[in-house]
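Visitor: I am new to this structure. Could you walk me through how to read it?
Guide: Gladly. Let us look at it together.

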Amino acid sequence: MENLEALLHGFTIALSWHHLALMVVGVLLGILVGVLPGLGAPNGVSLLLPLTFGMQPVSAIILLSSMYWGALFGGSVTSILFNIPGEPSSVATTFDGYPMARDGKPSTALATAFGSAAFGALVGVVLITVLASWVAQAALAFGPPEYFAVYFLAFASFIGMGGTYPMKTLVSLAVGFAIAAIGIDTVSGTVRLNFGVDELVKGVSFVVAVMGLFGIGELLIAVEEEVHAKAVSSKVEWGEVFRTVARLPRHWVTLLRSAAVGCWMGITPGGPTAASFMSYGLAKRFSRHKENFGKGEPDGIIAPETADHSAGTSALLPMLSLGIPGSATAAVMMGGLMIWGLNPGPTLFIEQKDFVWGLIASMYLGNIVAVILVLLTVPIFAALMRVPFFIIAPLIFIVCVVGAYSVSNSFLDVMLMMGFGIVGYLFKKLDYPIAPLVLAIVIGDKAEDAFRQSMLMSKGSMGIFFSNWLVATLVTLGVVLLVLPLVMQLMGKRSRKPALAE
Amino acid sequence: MISRRGLESVTAALTGAFGLAVAVSSVENGVSWTSSGVEAGTFPFATGLIIVAASAYNLAHAGVLRGSRARAIGWGDLKKLAALFLPALALVAAIPILGMHVASAVYIFAVLVPQHHVSVGRALVMSVVTAVALYVLFDWAFQVSLPRGLLGAALGF
């Protein structure tokens with residue numbers, strides 16, 4: 001009940017003309033970056049970040065989170081109409097969304113996607129409303145060892161569930177940690193890892209890394225794949241939209257299962273991309289019309305879209321209540337919180353009630369705004385896709401350069417960004433996950449501080465990580481997740497050997 | 001042209017070298033335990049070693065991954081990559097001299113006309129619009145002063 005009251009209070013903050021206008025602007029910008037192939041939610045949000053420094057934190061987070069919703073929706077538009085995923089997390093939507101649209105039912109495909117996306121987002125927000133303050137309350141009792149254990153668990157689950165190549169995830173994560181360590185050490189005040197470059201004393205901003213890794217890296221990948229926009233008709237028939245949404249509840253099993261997958265993957269830092277693929281796979285396995293998958297099966301659109309959005313939304317739960325972002329975009333937003341002078345984590349729920357509940361309320365409103373706007377603007381953004389890539393690419397380059405520069409008016413940042421661009425290209429090309437790298441840059445310092453404080457408390461004994469049941473459970477769970485891929489690989493090798501011989 | 005295996009190996013070698021540099025550089029900061037706690041270099045030192053170890057694993061496995069013999073980047077791809085990246089690099093290099101606005105305008109013009117045969121008139125319009133848009137959006141609306149470069153200093157802009 002207390003949560004409901006707080007939420008209602010949040011609505012009084014979020015429901016002002018000023019904030020509604022910010023939502024509209026945020027969602028439209030979000031759809032734009034979602035639609036454009038070289039830009040995505042993480043670097044879209046980091047591009048906006050420097051522009052929010054003068055704003056109230058509530059207004060700033062509403063703008064940024066609305067952009068996130070818009071980007072999630074925008075990614076689906078291009079997946080369905082052009083077979084080009086605007087976002088990595090909407091790749092799975094192309095499997096059935098594009099065939100359905102191509103077969104003359106673009107309105108049905110779009111409405112199915114947006115309807116299930118809205119449902120997924122709603123489940124995510126409800127989860128946050130119910131759980132966030134409870135988790136925060138529990139976390140208030142956390143000391144440094146508990147914090148380190150939670151960070152450890154987050155990183156371990158990346159490696160354990162992050163995909164096919166655990167060692168590549170580990171490299172990505174550790175490189176992020178090393179980058180986070182560059183600059184002045186907060187505990188001892190000494191300069192670390194500046195490799196003789198004086199300017200590196202200020203450290204490397206995550207915004208610069210995101211801009212290069214996602215922005216430039218994505219462009220280089222896109223130019224190679226030669227994006228050819230061959231659109232199916234992008235006219236929206238409103239009657240069909242409403243009929244499709246009315247038909248959605250019939251797919252309740254897929255909806256609920258996908259939302260559950262999404263929430264789980266969002267809270268543990270599996271992220272929306274992994275969630276949508278996993279959910280698509282599950283939907284196919286349990287479907288009675290397996291043979292229709294890939295040919296425009298509604299369940300094949302519902303599953304990835306619901307999971308994508310519920311994961312994207314619930315990724316904000318650990319960010320708000322624990323200070324651990326569940327996705328790359330959440331990591332960027334958390335970086336923003338720290339820049340605005342807020343301390344992400346459980347104390348936020350006590351010291352910044354207006355901020356937290358204003359944000360949560362804005363998530364309900366922002367998603368409604370997003371659904372309406374995305375339906376209204378489909379023809380406009382579809383037209384944008386017909387602008388040739390060779391015109392869009394240099395513009396995105398300029399936007400990234402300006403974005404990296406404006407973080408701290410530093411030319412070094414621009415050069416670093418170009419370097420990160422090459423790293424991003426190589427990593428993408430070779431299936432190294434990039435989200436762990438960004439996550440580690442944002443929270444690497446905090447994890448290290450928690451570790452060093454714990455060591456101070458215990459006078460150098462690792463035993464402190466097993467000193468009570470909570471820490472011990474978290475650490476053990478983390479270790480299990482770390483060892484899991486190794487075990488799986490060993491077992492997989494044994495069973496795969498005969499297959500390799502053919 | 002470049003095989004998947006080659007690209008995997010180069011990337012693993014690069015990350016490994018980075019890890020090594022991190023580990024070596026951290027030794028200066030102290031990598032052990034003192035009465036005032038864990039020394040500043042310990043965490044990065046361990047991180048560096050992890051990077052080296054994981055990179056060594058990736059390097060060793062570069063050849064056995066699925067499709068490792070397949071071509072990762074062909075000549076055509078390399079040309080396209082260069083056509084996109086080299087002008088962008090030139091843009092970055094030109095910023096301290098020409099300033100952000102002028103460099104961007106020149107960059108847009110130089111990419112569109114020779115590479116993609118956009119007519120000179122249209123390209124000119126697009127370059128000018130880009131420079132003005134940058135000024136209006138950043139310098140004017142959001143008060144983020146973009147670099148003017150040596151050219152700007154000479155003109156007193």
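Guide: This is a predicted model. Start with a pair of helices in chain A. Helix α6 (residues 106–140) of chain A packs against helix α13 (residues 298–314) of chain A. The angle is about 35°, and the axes lie 7 Å apart.

Visitor: What is the handedness of the crossing of α6(A) and α13(A)?
Guide: The crossing of α6(A) and α13(A) is right-handed. Now look at the residues in that contact. Between α6(A) and α13(A), 13 are nonpolar, nine are polar and two are charged.

Visitor: What scores does the model carry?
Guide: The ipTM is 0.92 and the pTM is 0.83. For chain B, the average pLDDT is 85. In that chain, 95% of the residues score at least 70. Keep one caution in mind. Where pLDDT is low, the predicted coordinates should not be read in detail.

Visitor: How many helices and strands does chain A have?
Guide: Chain A has 21 helices and two strands. Next, its dimensions. Along the principal axes, the C-alpha atoms of chain A fill a box of roughly 70 × 60 × 50 Å.

Visitor: How does the radius of gyration of chain A compare with that of a compact globule?
Guide: The two agree. A compact globule of 502 residues would have a radius of gyration near 23 Å, and chain A has 22 Å. Burial is the next thing to read. Of the 502 residues of chain A, 61% count as buried. Then check contacts along the sequence. Take the contacts in chain A with a separation of 6 or more: 79% of them come from residues 24 or more positions apart.

Visitor: Why is helix α3 of chain A described as largely enclosed?
Guide: Helix α3 (residues 41–48) of chain A has eight of its eight residues buried, so it is largely enclosed by the rest of the structure. Among them are A:A41, A:N43, A:G44 and A:L48. The cover over the buried residues of α3(A) includes α2 (17–35), α4 (57–82), α9, α15, α18 and α20 of chain A.

Visitor: How do I read a single residue? Is A:G345 buried or exposed?
Guide: Count the neighbours. A residue is buried if 20 or more other C-beta atoms lie within 10 Å of its own. A:G345 has 21 such atoms, so A:G345 is buried. Its place is in the loop between α15 (328–339) and α16 (348–351) of chain A. Beyond residues up to four places away in sequence, A:G345 touches A:A139, A:L322 and A:G323. A:G345 and A:V135 are 210 residues apart in sequence, yet 9.9 Å apart in space, C-alpha to C-alpha.

Visitor: Where does A:G183 lie?
Guide: A:G183 lies in strand β1 (residues 183–184) of chain A. A:G183 is partly exposed, with 18 other C-beta atoms within 10 Å. Leaving out residues up to four places away in sequence, A:G183 touches A:R192, A:L200, A:V201, A:K202 and A:G203. From A:G183 to A:V204 it is 21 residues in sequence and 7.6 Å in space, C-alpha to C-alpha.

Visitor: What should I look for in backbone angles?
Guide: Most residues other than glycine have a negative phi. A:N409 is not a glycine, yet has a positive phi of about 45°. A:N409 sits in the loop between α18 and α19 of chain A. A:N409 is exposed, with 12 other C-beta atoms within 10 Å. A:D431 also has a positive phi, of about 65°, and is not a glycine. A:D431 lies in the loop between α19 and α20 of chain A. A:D431 is partly exposed, with 13 other C-beta atoms within 10 Å.

Visitor: What pattern does chain B follow along the sequence?
Guide: The pattern of chain B is β-α-β-β-α-β-α-α-α-α. That comes to six helices and four strands. Chain B has a radius of gyration of 24 Å, well over the 15 Å that the globule rule gives for 157 residues, so chain B is more spread out than a compact globule. Of its 157 residues, 34% count as buried.

Visitor: How many residues of each chain take part in the contact?
Guide: Chain A gives 44 residues and chain B gives 50 residues. On the side of chain A that touches chain B, the elements that give two or more residues are α8 (166–181), α9 (206–225), α18 (389–408), α19 (411–429) and α20 (435–458) of chain A. By class, that side of chain A has 33 nonpolar, four polar and seven charged residues.

Definitions and conventions
Residues are numbered from 1 along each chain as its sequence is written. Chains are lettered from A and ligands numbered from 1 in the order in which they are written. This is a predicted model: local features need pLDDT of at least 70, side-chain atom pairs count only at pLDDT 80 or more; totals for chains, interfaces and linings use all residues. Two residues are in contact if their C-beta atoms, placed from the backbone, lie within 7 Å. Ala, Val, Leu, Ile, Met, Phe, Trp, Tyr, Cys and Pro count as nonpolar, Asp, Glu, Lys and Arg as charged, and the others, Gly among them, as polar. pLDDT is the predictor's confidence in each residue, from 0 to 100. The radius of gyration is taken over C-alpha atoms; the globule rule is 2.2 Å times the number of residues to the power 0.38. Axes are lines fitted to C-alpha atoms, for helices over the stretch in contact, and angles run from 0 to 180 degrees between N-to-C directions. A crossing is left-handed if the near helix is turned anticlockwise from the far one by less than a right angle, and right-handed if clockwise.
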